[in-house]
Amino acid sequence: MNVHAEGDGELVGWEHPDEVRRWNRENRTRAYEDKRMSAAEAVDRYVDDGDVVASGGFGHVRISTPVLHEIVRQGIEDLTLMGKTTVFDADLLIAAGAVSRVENAYCFAHETRGLAPAGRRKVENGEVEVVSEASNATLQWRFLAAKMGVPFVPTRILNGTDTFEKSSAKVVEDPWSGDPVTLVPACYPDAVCIHVDKADKYGNAVIEGIGVEDPQLAGAAKRLIVTAEEIVDDEELRDRPKDVEIPFFQVDAVVEAPYGSHPGEMPYHYYFDDDHLEEWMELTETEEGTQEYLETYVTGTDDFEEYLEAVGGAERLAELEAIENYERPESGGPEGGDRA
Amino acid sequence: MSDVAEGEDEGEEYTPTELLTTVASTLIEDESTVIVGTGMPMLAAMLAQKTHAPDATMIYEAGGIGPDAPELPVSVGDERTFHRGVKAAGMHDVMSYMQAGFVDYGFLGAAQIDKYGNLNSTVIGDWERPAVRFPGSGGANDIGSLANSTIVAMRQDDQSFVDELDFRTTPGYLDGPGAREEAGLPADTGPQNVITQYGVYGFDEDCEMELELLHPGVDVETVQENSSFEIEVGDYERSPEPTAEQLRLLREEIDPRGVIR
């Protein structure tokens with residue numbers, strides 16, 4: 001197979017498929033065992049300094065905030081982050097100093113809320129290094145290759161751009177048509193957290209809304225922590241097996257985490273906490289403000305329950321539930337309402 | 001361009017964003033599929049649905065297809081992108097539909113563009129140690145590679161319309177006719193239009209940018225003054241001003257809370 005061109009970005013998270021088969025055979029249980037534990041225990045067991053990590057959901061939608069908080073509380077550092085439409089999740093880890101390197105599809109910004117002060121500061125002053133560029137489909141299909149247990153997936157993206165030049169992809173000759181085709185290599189993150197609507201104690205998990213990249217990312221992870229709005233009896237999921245997106249044997253830990261996506265949205269449950277995100281954007285303008293945020297909400301709280309109290313408790317969470325369900329108060333609410 | 005211009009027909013005032021939205025909406029044909037992000041392109045697609053293109057389907061790259069939500073999304077992955085939708089899919093699905101030719105239009109933004117419609121949304125300055133770090137490709141490279149045609153909406157000045165991009169994030173026509181196919185990108189794809197605060201551009205047979213529509217009140221000289229590369233100015237027309245009905249739909253039905261103005 002003729003290689004036409006090679007990107008010179010770092011090859012992050014790649015392993016020979018046989019190595020990963022061996023890993024999955026030796027380290028991933030097939031037992032129906034109760035994997036419920038606290039976020040603190042899950043992070044202590046499954047996330048280490050220097051790991052390649054990825055966060056499920058969509059950056060500030062259906063994110064696994066209890067796991068992100070624990071990574072910060074436990075002082076884990078030198079992570080390489082898969083920047084797969086990362087938003088608040090990445091910004092929190094980068095601001096706290098947990099991340100040294102990023103493979104970037106989308107990072108350092110908060111979609112319509114604007115560029116991320118903390119993330120940009122760290123990448124522009126060199127504290128965080130972008131080791132390769134990618135696109136959303138590049139990372140999605142790097143995870144697909146990993147889920148499939150194959151070394152790469154052929155695609156028709158990246159060709160002719162600097163995004164390709166700074167990626168870990170290669171352009172080869174398609175042995176059938178003779179045309180150039182881009183190969184994106186498998187990526188197996190060491191540790192992944194995914195927040196879901198429902199899971200049973202074994203880890204079988206249901207995502208009620210869009211799956212985003214998670215059906216593939218779950219299969220790519222070498223260790224997977226599932227956090228769930230609700231832990232349900234496995235009999236309930238057996239009544240709807242088609243809706244189980246992630247099977248138990250891909251899951252290492254199950255954490256019960258109601259409101260676990262706060263301050264992000266959890267589709268069908270609660271809306272973005274725009275007040276809180278605004279506070280984040282303001283405080284992270286400076287290093288001092290960033291430390292103040294972390295001390296108030298993360299390192300200064302013992303666990304996620306205490307954090308939820310610090311952000312307004314049941315009253316605030318009920319408001320966010322109402323907004324998600326289109327019961328927006330006449331005045332107030334996100335995007336320029338009176339509350340802002 | 002002043003912040004508020006006055007429509008000739010109805011005497012109705014409109015904002016620059018409202019003009020861009022109505023102009024962009026006319027580019028979307030009925031019975032088509034459109035990948036949009038949040039912001040103006042989303043309003044344009046919704047306006048098209050409520051006027052000439054009732055069977056246009058909006059697709060969001062995180063997985064939402066054909067939503068029917070009473071409120072605008074703020075993220076391309078939030079519940080409003082698949083509320084009462086045709087399908088709550090995932091990114092792998094949407095990228096695959098697009099790679100298989102099912103997506104007609106993709107809307108893109110950028111910090112820089114060159115005459116072939118190649119886009120930069122990654123860095124200003126050096127990649128290793130950038131003066132300004134932008135979010136990167138996100139889905140832009142994928143949409144620019146795989147959608148049947150792309151429509152770019154961006155702010156125009158001589159720093160954004162450049163001879164040479166600081167970083168080529170997303171393919172336009174690369175280096176000219178035939179270059180996309182030669183590089184391995186799908187045949188018969190590429191940028192169709194570029195919309196700025198001054199006008200709407202297309203691409204000529206050399207795949208170079210040319211003026212198609214000039215917005216109301218804009219001098220033709222302004223177009224060249226705000227570009228570092230030469231823009232072909234041949235036969236062009238004036239952009240139609242927003243009609244009273246388009247403005248009513250935007251203000252009362254599509255974005256009554258004025259999230260995007």
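At what angle do helix 6 of chain A and helix 3 of chain B pack, and how far apart are their axes?

Modeller: This is a predicted model, in which local features need pLDDT of at least 70 and side-chain atom pairs count only at pLDDT 80 or more, while totals for chains, interfaces and linings use all residues. Residues are numbered from 1 along each chain as its sequence is written, and chains are lettered from A and ligands numbered from 1 in the order in which they are written.

Helix 6 (residues 136-148) of chain A and helix 3 (residues 91-99) of chain B pack at an angle of about 115°, and their axes are 10 Å apart. Helices (H or I, at least four residues) and strands (E, at least two) are DSSP runs, numbered from the N terminus. Axes are lines fitted to C-alpha atoms, for helices over the stretch in contact, and angles run from 0 to 180 degrees between N-to-C directions. Helix 6 of chain A and helix 3 of chain B are therefore roughly perpendicular to each other; angles under 35 degrees count as roughly parallel, over 145 as roughly antiparallel, 65 to 115 as roughly perpendicular and the rest as oblique. The crossing of helix 6 of chain A with helix 3 of chain B is left-handed, that is, the near helix is turned anticlockwise from the far one by less than a right angle, whereas clockwise would be right-handed.

On the side of chain A, the meeting residues are A:Asn136, A:Ala137, A:Gln140 and A:Leu144 in helix 6, and they face B:Met91, B:His92 and B:Met95 in helix 3 of chain B. Contact here requires C-beta atoms, placed from the backbone, within 7 Å. By class, the residues of this contact are four nonpolar, three polar and no charged; Ala, Val, Leu, Ile, Met, Phe, Trp, Tyr, Cys and Pro count as nonpolar, Asp, Glu, Lys and Arg as charged, and the others, Gly among them, as polar.

Within chain B, helix 1 (residues 16-26) and helix 2 (residues 40-50) pack at about 55°, with their axes 8 Å apart. That makes helix 1 of chain B oblique to helix 2 of chain B, and the crossing is right-handed. Their contact includes B:Leu20 and B:Ala24 of helix 1 and B:Leu43 and B:Leu47 of helix 2. Helix 2 of chain B has 10 of its 11 residues buried, so it is largely enclosed by the rest of the structure; a residue is buried if 20 or more other C-beta atoms lie within 10 Å of its own, exposed if 12 or fewer, and partly exposed in between.

Among the elements against which these buried residues pack are strand 7 (105-108) and strand 12 (149-153) of chain B. Strand 12 of chain B has four of its five residues buried. Strand 7 and strand 12 of chain B pair in the parallel sense over four bridges, where pairing requires at least two DSSP bridges. B:Ser149 in strand 12 is the bridge partner of B:Tyr105.

Note on methods
Contact = placed C-beta atoms within 7 Å.
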